[in-house]
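Good morning, everyone, and thank you for making time for this. Please have a look at the structure on the screen, and then I will walk you through a few parts of it.

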Amino acid sequence: MRSYQIISRLLVVVLLAVGITGCGSFTEKVGNSVIGEGSGTGELISLGKESFKVEDFDKIHIKADAMAIFVIRSTTDNAEVELFVDNTIESRFTLDASIQTSKLNINVKEKEKRGSIINNSKGERKLNISLPDKVFDQLVIDNNFGLVEVVDLNVESLDISVDAGSIRLENVIGEMNLTVEAGQIVVEEFSLENNLTAKTDAGAIRINLTESPESAEINLVSEIGAVNSNIEGIDYSVNSSNKKVGTIGSDGYHIKASTSMGDIQVDSK
C-alpha cells in the first residue's frame with residue numbers, strides 16, 4: 001500500500017476513535033504540513049506545462065496520490081495543465097496528460113520511497129488545470145491525499161473522491177457526487193439545478209445555495225454531530241438535531257449529505 005493511502009487510513013481511524021467534530025481543520029493541518037506551502041526544503045518549480053484544444057475532448061479524468069489540485073477557468077481558448085513541485089523531490093514525479101477518445105486523462109505518478117512515511121512524503125506539490133468556458137460532459141478526480149478545489153465550472157456530472165483532505169467547490173454547475181473519508185466538503189455558490197450528494201466518514205459538510213429553491217428534496221444525516229439548515233419553505237418529515245429530511249414543492253433536485261462524525265450545514269443567501 002502506498003504511503004499516502006496509509007496516512008489516509010490512519011487519519012480516518014484516529015478521527016473516528018477520538019471523535020473530533022472539528023476534524024476538517026485537523027486534517028487540513030496534517031495535509032499542509034506534508035504537501036502544502038512550506039512543507040519542503042526547496043523551491044517550487046514547474047515540471048512541465050501542456051496545452052490542449054478544448055474541442056478535442058468533453059471529459060476530464062484526473063488521478064494523483066497526494067496533491068493540491070486546482071481546476072479553474074482559463075484565460076485562453078485552450079485547456080492548460082501544469083505541475084509544480086518542490087525541487088528537492090522533483091525526480092520522484094512524472095506528469096502524463098493526453099487525450100484519448102474525447103477524454104483528457106491527467107495522471108500524476110510519484111515514485112515510492114522507503115523509510116518514515118511522513119518524512120519521505122513531505123514537499124509541496126500542486127496541479128493546476130485551467131479550462132475554457134464550455135459545458136463538459138464529465139469531470140472525475142481521484143486524489144488519495146490532499147486538496148481538490150474547483151471554481152467556475154459547468155459540467156454535466158462531477159465525481160470527486162479524496163481519502164484524506166478536503167473538497168472545495170465554488171460556482172460549479174453539474175450533478176455532484178463528492179466523497180471524503182477524513183476531511184471536509186465545502187460547496188459555495190451552488191445553484192440547485194442538479195442533484196448533489198456529499199459523504200464523509202469523519203468530517204464536516206457545508207453547502208451554501210445561491211438562493212432558496214422553489215422545489216427540492218433534502219436528506220441530511222450525521223451520526224455524531226449537528227445538522228442545521230436555514231432553507232425556507234421545507235416541509236420536514238424528520239427534523240431532529242442530527243437528521244433532517246424534507247421537501248419543498250414537488251419533483252425537485254435533491255441534496256443528500258451524510259457523515260459518520262461531523263457537522264452538516266446547509267444554507268442559502
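**Strands and salt bridges**

In this model, Asp235 stands opposite Thr247 in strand S13, where strands are DSSP runs of E with at least two residues, numbered from the N terminus. Before I go on, please keep in mind that this is a predicted model, in which local features need pLDDT of at least 70 and side-chain atom pairs count only at pLDDT 80 or more, while totals for chains, interfaces and linings use all residues. Residues are numbered from 1 along each chain as its sequence is written, and side-chain values use heavy atoms, with hydrogens and water left out.

As for confidence, pLDDT is the predictor's confidence in each residue, on a scale from 0 to 100; the protein chain averages 87, and 83% of the residues score at least 70.

Let me return to the strands. S12, which covers residues 235-239, pairs with S13 in the antiparallel sense over four bridges, where pairing requires that DSSP finds at least two bridges between two strands. S12 and S13 form a hairpin, with three residues between them. On S13 there is also an antiparallel pairing with strand S10, residues 216-224, and six bridges join these two; here Leu220 stands opposite Lys244.

Which residues does Ser215 touch, not counting those up to four places away in sequence? Ser215 lies in the loop between S9 and S10, and its contacts (heavy atoms within 4.5 Å) include Leu192, Ile248 and Tyr253. The C-alpha atoms of Ser215 and Thr247 are separated by 7.2 Å, although these residues are 32 apart along the chain.

Now to the salt bridges, each being a side-chain nitrogen of Lys or Arg within 4 Å of a carboxyl oxygen of Asp or Glu; the count by this rule comes to nine. In one of them, Glu80 pairs with Lys49, with the closest N and O atoms 3.5 Å apart, and this pair links distant parts of the chain, namely strands S3 and S1. Lys49 counts as exposed because its relative accessibility is 52%, given that exposed means over 50% relative accessible area, buried under 20%, and partly exposed in between, with a 1.4 Å probe and protein chains only.

In another, Glu110 and Arg92 bring their closest N and O atoms to 2.4 Å. Both Glu110 and Arg92 are buried, and a network of salt bridges links Arg92, Glu110 and Arg125.
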